[in-house]
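User: I would like to go through this model label by label. For each one, tell me what it rests on.
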Amino acid sequence: MATTTPQPPPQVMGEDGLGPVRLPVDRETHQFDDWTIGYTKSHILKSVCVNDNRCVAGEEGCCELCVYYFTLELPHLPDMVFHRNVLRITHTSGAQLEFNPIDALKLVRNEKLDLKVACSEEWRESRPEAAHTTDKVKHFDWTFSTEYSGTTNERFAVEPTDQRIDMFKLMRREPILFYHDLTLFEDELHDHGISLLSVKVRVMPSGFYILLRFFLRVDGVLIRMNDTRFHYEKGNDYILKEFTHREAKVEQLKHVPPALFTNPNEIVEQLPVIRKVNEKLTIVKSE
């Protein structure tokens, strides 16, 4: 009787262009009036090339790790990159607002970092491959600080505004129709703190609210937080956006209990506001 050799299952390519999906992916969408709010959630980016470093930029079969390195100009990536974690908000007009880790990492400075602390040397020593790229590492922001505030397409017109997000309105008790919290990337700075980018979405009967937060704590040195808030109210043709950069050296926070340093929700109000930008994202109507 003839026998057949079992064939491996066909690879399923990801919609994001980051190579084949190798592990289960968690997806969910919620319909809110003319908006579709959905997320994709999956595993951490592998730390080694699965093709023995033979990947070529742009070629089919290029592994997910190499796609990141070819796309970004960083000598190193955060310890944990959730490369398939994406939050996407899409309007029936085609307007789209998205949050993903690769666009966030594109804004990390690939230049000399002014922050000089002992752990930067320990960070470099913890990566053996860095010994051969000393010059690059010296000009690399190892805190992965980013002012990423989301990715919009051409169907949104973005402009400055005097309108403000009504936080008191958001504090009203309403049923939660949909909620999710996604981590985009995280690095523990060789046990000297944390660098974390996450995004949360909450949908209520009155609209939806999004908080994109970059939180950096370098133990004994500084705390930095970049918050970008988005609020859509039912019936509007626009989304209000508020970017806030806060930062303080630890020596400026002597009045704050150190236990709060590890809790972004608690420490945020103790950090002085360095810069704030208010914008309106208006849906571009079809002609």
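User: Which residue takes a positive phi in the hairpin of S13 and S14?
Analyst: Glycine 235, with phi near 100°. Four residues lie between the two strands there. This is a predicted model, in which local features need pLDDT of at least 70, side-chain atom pairs count only at pLDDT 80 or more, and totals for chains, interfaces and linings use all residues. Residues are numbered from 1 along each chain as its sequence is written, and side-chain values use heavy atoms, with hydrogens and water left out.

User: What makes S13 and strand S14 a pair?
Analyst: Two strands pair if DSSP finds at least two bridges between them. S13 and S14 (residues 238–249) have 10 bridges, in the antiparallel sense. Therefore they meet the criterion. Within this pairing, aspartate 227 stands opposite threonine 244 in S14.

User: How many bridges pair strand S12 with S13?
Analyst: There are 12, again antiparallel, with S12 covering residues 207–218. Arginine 213 stands opposite aspartate 227 in S13. These strands also form a hairpin, with three residues between them. In that turn, glycine 220 has a positive phi of about 75°.

User: What makes S13 largely enclosed by the rest of the structure?
Analyst: Of its 12 residues (222–233), 11 are buried, so the rest of the structure largely encloses this strand. Buried means under 20% relative accessible area, exposed over 50%, and partly exposed in between (1.4 Å probe, protein chains only).

User: Why is threonine 244 called buried?
Analyst: Its relative accessible area is 4%. That is under 20%, so the label holds. Threonine 244 lies in strand S14. Leaving aside neighbours within four places in sequence, its contacts (heavy atoms within 4.5 Å) are Met225, Asn226, Asp227, Val273, Arg275 and Lys276.

User: What makes lysine 234 and aspartate 33 a salt bridge?
Analyst: A salt bridge needs a side-chain nitrogen of Lys or Arg within 4 Å of a carboxyl oxygen of Asp or Glu. Here the N to O distance is 2.6 Å. That is within 4 Å, so the pair qualifies. Lysine 234 lies in the loop between S13 and S14, and aspartate 33 in the loop between strands S3 (26–32) and S4 (35–41), so the bridge ties together parts 201 residues apart in sequence.

User: Are these two partners buried, exposed or in between, and why: lysine 234 and aspartate 33?
Analyst: Lysine 234 has a relative accessible area of 46%, and aspartate 33 has 42%. Both values fall between 20% and 50%, so both residues are partly exposed.

User: Which strands does the salt bridge of glutamate 247 and arginine 224 link?
Analyst: The side chains meet at 2.8 Å, N to O. Glutamate 247 is in strand S14 and arginine 224 in strand S13, 23 residues apart. Glutamate 247 is partly exposed at 24% relative accessible area. Arginine 224 is buried at 16%. Elsewhere, salt bridges that share partners join Arg213, Asp227 and Arg229 into one network.

User: How do you know that arginine 88 and glutamate 98 meet in a salt bridge?
Analyst: Their N to O distance is 2.8 Å. That is within 4 Å, so the pair counts. Arginine 88 is in strand S6 (residues 86–91) and glutamate 98 in strand S7 (residues 96–99), 10 residues apart. Arginine 88 is partly exposed at 30%, whereas glutamate 98 is buried at 14%. The structure holds 13 salt bridges.
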